[in-house]
Amino acid sequence: MINTFVGNMGHLMTIVAFVSALVTAYAYIQYFRANEIEKASWRRFSRISFYIHAVATTMIAASLFEIIYNHRYEYFYAYSHSSKALPVHYMISSFWEGQEGAFILWAFWNVVLGLILIKTNKFWEAPVMVVFALVQAFLISMIMGVVIGDLKIGSSPFMLLRDATQAPIFEMNPDFVPEDGTGLNPLLQNIWMVIHPPTLFLGYASTLVPFAFLIGGLVTKRYSEWIRPALPWAIFSAMILGMGIIMGAYWAYVTLNFGGYWNWDPVENAVYVPWLILVASIHTMITFKKSATALKTSIVLVIMSFILVLYATFLVRSGVLGDASVHSFTDLGLSGQLLIYMLFFMVIAIFLAARAWKHIPTSEKEASVYSREFWIFLGAVTLGLMSFQVILPTSIPAWNALVESFGGISNMAPPADQIEFYTKFQLWFAVAIALLTSVGQFFWWQKIDKKALKDALVLPYIISVLLSAVIIVLAKVYDWKYIIIVLAGTFTIVANAVILAKILKKSTFKLAGGSLAHIGLGMILIGIMFSSGYSDVISINMSGLTYSNSWEDEMNKEHVLLWINKPTQMKDYTVIYRGRQKKVVGVPEYVPAKILESTGNVNEALALEDYKDFFKKGDSVKIVLEENDYFKIDYMQNEVLKFSLSPMSQFNEGMGGLISSPDSKIYLNRDLYTYVAAMNDYEDPEWKEDENYEVAPGDQFHIADFVTYFDGAEVLKEIEGYQLQEGDVAVKAKLRVLDYDVEKTLEPTFIIRNNQVGKLPVIDTELGLKVSLENILPEQNKFVFKVNQYQKDYVVMKAIVKPYINVLWIGTIIMLIGFSVAIFRRFDEFQKMRDKGLE
Amino acid sequence: MKKGHIIGLGIIAIAIVIIMTSIGDASSYESFNTAWEMKEDGEDKAIHVVGKLKKDTSGQVTGLEVNEDKTSFTFLLVDNDGTEQKVYYNEPVPADFQRSEQVVVIGSYREKEIFVADKILMKCPSKYQETDVQAAGM
């Protein structure tokens with residue numbers, strides 16, 4: 001029976017949330033304008049209104065999760081994003097796989113942030129919350145699903161399947177509920193996908209806070225005071241967004257198989273750019289607090305970071321990217337709405353800023369080269385140019401859409417080799433940033449003139465040159481570009497470490513945020529240079545085969561074909577593919593797939609053999625995601641097994657085929673990264689024609705290429721799964737098939753009942769063989785076997801060595817710690833001022 | 001000249017360089033005919049061609065030839081103008097390749113007979129089709 005209650009509830013709450021957001025905005029405006037007597041009551045009313053909004057938003061999320069959690073496949077959202085086989089933590093991922101869920105998540109974070117701001121602010125509550133409530137109204141409208149005439153506002157996640165599709169089954173039976181959902185995209189079935197989207201959306205949501213303070217400041221004519229409360233939030237936002245980006249990169253590294261962590265895909269660029277601008281804005285805001293300059297720059301940067309987040313959302317979710325991105329979302333028809341959302345805040349912010357422009361205090365004094373303002377400003381400019389270089393080509397599809405909407409024709413396409421294109425600029429910008437941070441930090445902590453600067457820089461300079469020399473020699477960095485990166489990176493690390501040591505000696509750890517973050521940056525730079533610049537594909541085809549086309553030989557074959565059990569030479573390793581495995585609940589290692597037989601129930605299998613101490617033959621075992629196959633790849637050196645990797649693949653009908661995830665061997669100084677690019681499909685084999693063999697017990701012969709021994713036959717008293725009757729004769733032949741170092745026993749059976757012959761053939765999917773005992777010739781003491789071949793199991797694999805990738809991951813962690821220290825410090829400053837009653 | 005002006009000029013100069021290279025390095029959408037013309041004019045830049053896989057009368061993809069070691073393949077792509085072209089791709093066949101509604105090949109001509117794709121983007125049929133709902137339910 002269809003449950004419409006939850007959906008109606010969710011839909012109702014959407015409308016409540018939308019209306020209460022508008023009421024909150026109105027009420028806070030009144031509170032802001034009201035005189036002293038009425039202020040208290042307006043404030044109470046505004047807050048209650050926002051609390052109602054908060055409850056409604058939470059209820060929307062709860063309703064949607066209830067639908068997914070209880071497998072209510074009468075709802076389109078649950079049907080298309082979830083399935084019964086999903087464990088609970090992946091149901092959480094299902095929640096935000098769809099765009100509607102993502103918007104709910106975003107709105108939910110805004111509510112949380114809004115509640116915190118109400119608690120922590122006195123003066124700023126009204127103006128900030130007006131902005132919040134308006135943003136909420138826009139976000140909730142995305143999931144309203146209201147149709148007025150031709151106008152569709154939002155796309156509701158609470159739509160029933162029968163309303164979302166026109167499947168004929170609903171005409172016969174409107175109450176039809178599908179047995180199971182189509183499942184979650186297997187690429188998202190990863191622990192990082194459970195935590196990456198909430199982190200990223202918290203980052204998105206939190207860019208609103210500094211923006212809201214800025215708008216508050218412009219409206220209340222407190223042109224500079226907004227910086228203090230906004231700053232800790234700007235740092236918080238940069239940290240969370242940065243963390244979200246890194247998690248996304250890490251997820252891509254461990255789940256996707258493009259062979260790296262960053263691809264310059266539009267979706268990645270769309271979060272990278274706002275983050276750069278956000279980081280630039282933090283720096284100018286800090287400068288302003290120190291020396292009353294760069295206020296205008298800060299205002300522009302804060303507006304840009306918020307608008308760029310909206311622009312990113314527009315690019316990714318409007319469908320405008322089309323085929324330019326590998327993972328753009330389907331178009332829900334929200335592009336117009338997203339555009340209005342973005343333009344609304346852009347126009348308001350630009351209007352308010354322009355109106356206030358001539359009242360905004362500036363410093364007339366030209367910044368000296370020996371001042372920190374100068375260096376910080378250069379840094380902010382570099383970050384700005386960096387983001388400009390990325391956002392411009394990323395917007396090409398949007399540009400095409402714009403030209404076409406005016407009737408023109410534009411056939412511009414994004415650069416063909418995106419990695420090369422972006423790298424050639426971003427590399428040098430990053431080097432510039434690294435150098436600026438090391439020099440800038442010295443100005444930061446002391447007034448310095450030409451001579452003092454020289455003295456301060458000489459020591460770190462010498463140390464870093466020596467250190468770089470060691471790195472360059474030991475790691476064999478001989479490319480001049482990479483040598484420069486090593487120099488810049490180590491200089492950043494050393495210079496900032498010197499500063500860090502000084503700070504720790506003189507004052508507290510609280511002030512160390514900046515230098516820590518910059519040390520992280522230096523490590524990230526070096527880590528990226530090594531892991532990407534010196535990434536080495538080792539799965540070069542060394543079979544020595546030549547092809548007909550001469551030019552084809554010039555192409556680097558970056559994959560190897562591995563037949564099961566056949567050792568293949570690959571750089572320093574001999575690799576052997578050993579067959580498919582499954583993950584079984586309660587077993588810490590992978591279990592060979594051939595000893596498991598599906599029972600037909602979801603994620604359940606019957607054990608065909610004992611497996612160590614974990615289960616016995618005949619046990620029913622639970623499989624973790626039965627669609628997943630883990631391909632066992634043994635890496636040997638000098639005939640000794642060094643380690644095994646088990647890259648995953650899932651053949652997923654609904655998602656259109658093979659979906660693979662890599663597996664890596666992680667060393668301290670490098671990763672060996674392996675993934676399956678193609679595999680054998682033995683579901684429905686096309687058997688080749690019959691081959692008959694007449695052999696006597698004890699004979700040795702060849703089936704295909706396999707050396708085979710016929711050890712003999714025995715008469716059976718009973719056969720599993722088959723009822724033997726009086727007078728039946730059952731004979732089982734025992735064949736031993738050798739495939740390299742593996743020996744397999746195949747036992748076809750032959751039954752005679754009332755002069756009728758029954759044959760039970762054996763199929764070995766790994767060898768690609770079907771063998772049946774065709775006949776027994778007692779006079780000649782010979783047995784006749786019929787053999788059909790398909791092909792041996794294989795995988796096509798790619799393996800890449802990524803040196804020093806851990807330097808990158810450690811660098812990001814240090815940078816995040818630096819951000820956290822800075823947040824703590826700045827929030828502390830704000831609290832002290834607030835409690836003095838100044839703000 | 002003040003420092004501010006120098007910096008300003010520097011920013012403008014870099015911005016112009018960025019814009020010029022973005023335009024210069026931007027690829028373009030072409031048909032096989034225009035792509036071949038470009039090749040004949042000596043332009044080797046990688047371009048985008050949008051097309052569909054060649055299918056026989058029963059709707060089966062034809063002309064897909066996988067190399068013996070399964071690490072590369074060639075296929076026939078029909079662009080939006082109806083020109084048929086053999087395309088070589090130096091990667092194993094992507095799993096959902098034959099199901100794709102539309103294929104974008106990014107690459108260039110090597111010779112008239114063969115277009116070498118450096119990258120392939122596929123647009124696959126929407127995940128949720130009406131028939132799927134029925135199949136899942138019956």
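This note sets out numbered points on a predicted model with chains A and B.

1. Conventions. Residues are numbered from 1 along each chain as its sequence is written, while chains are lettered from A and ligands numbered from 1 in the order in which they are written. The model is predicted: local features need pLDDT of at least 70, side-chain atom pairs count only at pLDDT 80 or more, and totals for chains, interfaces and linings use all residues.

2. Chain A overall. The secondary structure of chain A comprises 22 helices and 28 strands, where helices (H or I, at least four residues) and strands (E, at least two) are DSSP runs numbered from the N terminus. Its C-alpha trace spans about 115 × 70 × 55 Å along the principal axes. Of the 839 residues in chain A, 47% are buried; a residue is buried if 20 or more other C-beta atoms lie within 10 Å of its own, exposed if 12 or fewer, and partly exposed in between, with C-beta atoms placed from the backbone. Among contacts in chain A with a separation of 6 or more, 67% are between residues 24 or more positions apart; two residues are in contact if their C-beta atoms, placed from the backbone, lie within 7 Å.

3. Helix packing in chain A. Helix H10 (residues 208-219) and helix H13 (residues 295-317) of chain A have axes that come within 9 Å and cross at roughly 135°. H10(A) is therefore oblique to H13(A). Axes are lines fitted to C-alpha atoms, for helices over the stretch in contact, and angles run from 0 to 180 degrees between N-to-C directions. Angles under 35 degrees count as roughly parallel, over 145 as roughly antiparallel, 65 to 115 as roughly perpendicular and the rest as oblique.

4. Residues at the helix contact. From H10(A), A:Leu208, A:Pro210, A:Phe211 and A:Leu214 meet A:Ile299, A:Val302, A:Ile303 and A:Phe306 of H13(A). By class, this contact has eight nonpolar, no polar and no charged residues. Here Ala, Val, Leu, Ile, Met, Phe, Trp, Tyr, Cys and Pro count as nonpolar, Asp, Glu, Lys and Arg as charged, and the others, Gly among them, as polar.

5. An open sheet in chain A. Three strands form an open sheet in the order S9-S10-S11 (chain A), with antiparallel pairing. Strand S9 (596-598) and strand S11 (620-622) of chain A are the edge strands, each pairing on one side only. From one strand to the next, the twist averages 40°. Strand S10 (residues 604-607) of chain A is joined to S11(A) by three bridges, and A:Ala605 stands opposite A:Val621 in S11(A). Two strands pair if DSSP finds at least two bridges between them.

6. A hairpin in chain A. Strand S16 (residues 663-666) and strand S17 (residues 670-679) of chain A pair in the antiparallel sense over four bridges. A hairpin joins S16(A) to S17(A) through three residues, and A:Ser664 stands opposite A:Tyr673 in S17(A).

7. Chain B overall. Chain B has three helices and seven strands, and its elements run α-β-α-β-β-β-β-β-β-α from the N terminus on. Buried residues make up 25% of its 138 residues. Among contacts in chain B between residues at least 6 apart in sequence, 48% join residues at least 24 apart.

8. B:Gln102. This residue lies in strand S6 (residues 102-111) of chain B. B:Gln102 counts as partly exposed because it has 15 C-beta neighbours inside 10 Å. Leaving aside neighbours within four places in sequence, B:Gln102 is in contact with B:Val50, B:Lys52 and B:Lys123. B:Gln102 and B:Lys112 are 10 residues apart in sequence and 23 Å apart in space, C-alpha to C-alpha.
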